[in-house]
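Here is a short briefing on one structure. It covers the ligand site, the aromatic pairs and the nonpolar cores.

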Amino acid sequence: QRVTTLRSLRHFCTPTTPPEPKLIRDFAIIAHVDAGKTTLFDRLLAYCGATLTGERFMDNNVLEKERGITIMSKYTALKYKGYTLNAVDTPGHADFGGEVERILGMVDGALLLVDATEGPMSQTKFVLEKSLKRGLCPIVVLNKVDRPGITPQRCGEVESQVFDLFAQLGATDEQLDFPVLYASARQGWATDQPPANADSFQHNESASRNVAPLLDAIVRHVPPPEGNPQDPFAMLVAMVERDAWLGRVSTGRVASGRAKVGDRLRVLDHTGKVLEESRLTKIWKRSGTGREDLALASAGDIVSVSGLGQASIADTLASTAVSEPLSPGHIDPPTLSMVF
Ligand code: GDP
């Protein structure tokens with residue numbers, strides 16, 4: 001019922017103005033199955049004021065999985081202390097290599113979630129390696145530290161396993177210097193303070209704790225996006241979906257510039273061929289557990305747009321001043337300025 005109401009209302013929301021790039025953080029979430037990603041993300045959403053509808057946010061669409069069609073990666077924005085924190089989920093499997101590239105092209109940081117009782121798992125290696133290669137500096141979160149046996153020694157062990165994995169994957173000194181947070185997604189808190197003694201995470205006043213230290217770490221450690229809102233508009237399509245009302249919806253990070261509803265945009269394929277020139281009919285983004293209408297798609301923000309029926313994954317949506325497509329997986333500001 002609630003979802004239906006939200007959907008029918010969403011066309012009548014007052015559009016909001018876009019955040020400046022310096023108030024945006026775009027980051028990917030890397031986690032193996034059961035590390036607690038869904039639980040943690042629900043806590044972050046709730047802390048940032050989102051109303052949870054019962055549908056768990058980061059759960060992948062079971063139907064899509066069964067049918068074997070594209071597993072849609074999800075994103076949503078968390079609003080925190082005036083910042084827009086755009087979180088993007090990553091598929092954990094090597095089968096989705098191209099998709100992982102495009103997702104990592106939308107972000108400047110990563111959250112690596114590790115189950116403190118299990119240690120790092122091979123399942124996340126592939127995405128982690130790609131993240132490190134792209135030069136992202138992941139924030140490491142040891143989750144489930146409320147569990148018995150999570151002592152200072154155990155945390156030290158897991159941290160050195162993560163360190164070894166980073167080193168094995170070719171991490172730089174800066175990447176090896178990863179920040180570590182300790183979290184109990186189940187109890188709804190995170191801290192950057194290592195455990196003081198054997199049971200300090202199990203017998204604490206967890207009621208007074210919350211997830212703010214993790215949100216603060218994202219603001220501090222993930223760099224803001226570099227795209228310039230003054231440059232011509234360009235956005236690489238990272239995800240495509242169909243919406244009953246809007247038709248084809250393209251999602252991606254705006255690499256540069258700004259576009260508003262009614263603006264004429266081009267769809268360029270990866271060779272630069274113009275597939276279509278049409279007007280933007282709607283700009284919105286997933287925010288919290290709902291949707292937010294936007295007046296503008298602006299540099300650095302992750303947004304969804306409609307009106308361009310020919311756009312496919314890895315195409316570029318661009319203003320008519322742009323004739324070179326963005327390169328999938330490499331949205332590189334220096335290259336962009338050469339293009340313009
Ligand atoms: P996901 O597969 O990474 O999305 O993991 P889920 O969020 O679904 O969590 C997997 C299981 O771990 C569930 O049974 C959760 O209740 C449990 N879990 C998640 N976070 C914690 C935590 O911080 N502490 C404990 N003890 N269990 C947790």
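In this predicted model, an N or O atom in the side chain of T39 is 2.5 Å from an oxygen atom of the ligand. For T38, a polar side-chain atom lies 2.3 Å from a ligand oxygen atom. K144 also places a polar side-chain atom by a ligand oxygen atom, at 3.0 Å.

**Ligand surroundings**

- The ligand is surrounded by 16 residues.
- D34, T38, T39, D146 and A185 are the closest of them.

**Aromatic pairs**

- The model has four aromatic pairs.
- One of them joins Y47 and Y80: the ring centres are 6.4 Å apart and the planes meet at 50°. That angle falls between the limits of 30 degrees for stacked and 60 for edge-to-face, so the Y47–Y80 pair is tilted.
- Y47 belongs to helix α2 (residues 37-47) and Y80 to strand β2 (residues 75-80), so their pairing ties together parts 33 residues apart in sequence.
- Y47 is partly exposed, with a relative accessible area of 38%. Y80 has 6% relative accessibility and counts as buried.
- W189 and F201 make another tilted pair, with 5.6 Å from centre to centre and 50° between the planes.
- W189 sits in strand β7 (residues 189-191), and F201 in the loop between β7 and α8 (212-221), so this pair links parts 12 residues apart in sequence.
- Both W189 and F201 are buried.

**Around W189**

- W189 and F201 share one aromatic cluster with Y182.
- R209 also meets W189: its charged end sits over the W189 ring, 4.4 Å from the ring centre.

**Nonpolar cores**

- The largest nonpolar core contains 40 residues. V88, L112, V140, L142, V145, V162 and F166 have the most contacts inside this core.
- Helices α4 (97-104), α5 (125-133) and α6 (152-168) each supply at least two of its residues. So do strands β1 (24-31), β4 (109-115), β5 (139-143) and β6 (180-184).
- α6 gives the largest share, five residues.
- Another core lies apart from this one and has 29 residues, including I139, L181, A190 and A212.

**Contacts of V88**

- Leaving aside residues up to four places away in sequence, V88 touches F27, A28 and I29, among others.
- Its contacts also include K74, Y75, I103, M106 and V107.
- M239 and I302 are touched by V88 as well.

Notes
Residues are numbered from 1 along each chain as its sequence is written. This is a predicted model: local features need pLDDT of at least 70, side-chain atom pairs count only at pLDDT 80 or more; totals for chains, interfaces and linings use all residues. Side-chain values use heavy atoms; hydrogens and water are left out. A nonpolar core is a set of buried Ala, Val, Leu, Ile, Met, Phe, Trp, Tyr and Cys residues joined through side-chain atoms within 4.5 Å. Buried means under 20% relative accessible area, exposed over 50%, partly exposed in between (1.4 Å probe, protein chains only). Helices (H or I, at least four residues) and strands (E, at least two) are DSSP runs, numbered from the N terminus. Contact means heavy atoms within 4.5 Å. Rings of Phe, Tyr and Trp (its six-membered ring) pair if their centres lie within 6.5 Å; planes under 30 degrees apart count as stacked, over 60 as edge-to-face and the rest as tilted. A charge sits over a ring if NZ of Lys or CZ of Arg is within 6 Å of the ring centre and within 35 degrees of the ring normal. A residue is near a molecule or strand if one of its heavy atoms lies within 4 Å of it. A polar contact is a pair of N or O atoms within 3.5 Å; within protein, one must be able to donate a hydrogen and the other to accept it, and residues adjacent in sequence count only if both atoms are side-chain atoms.
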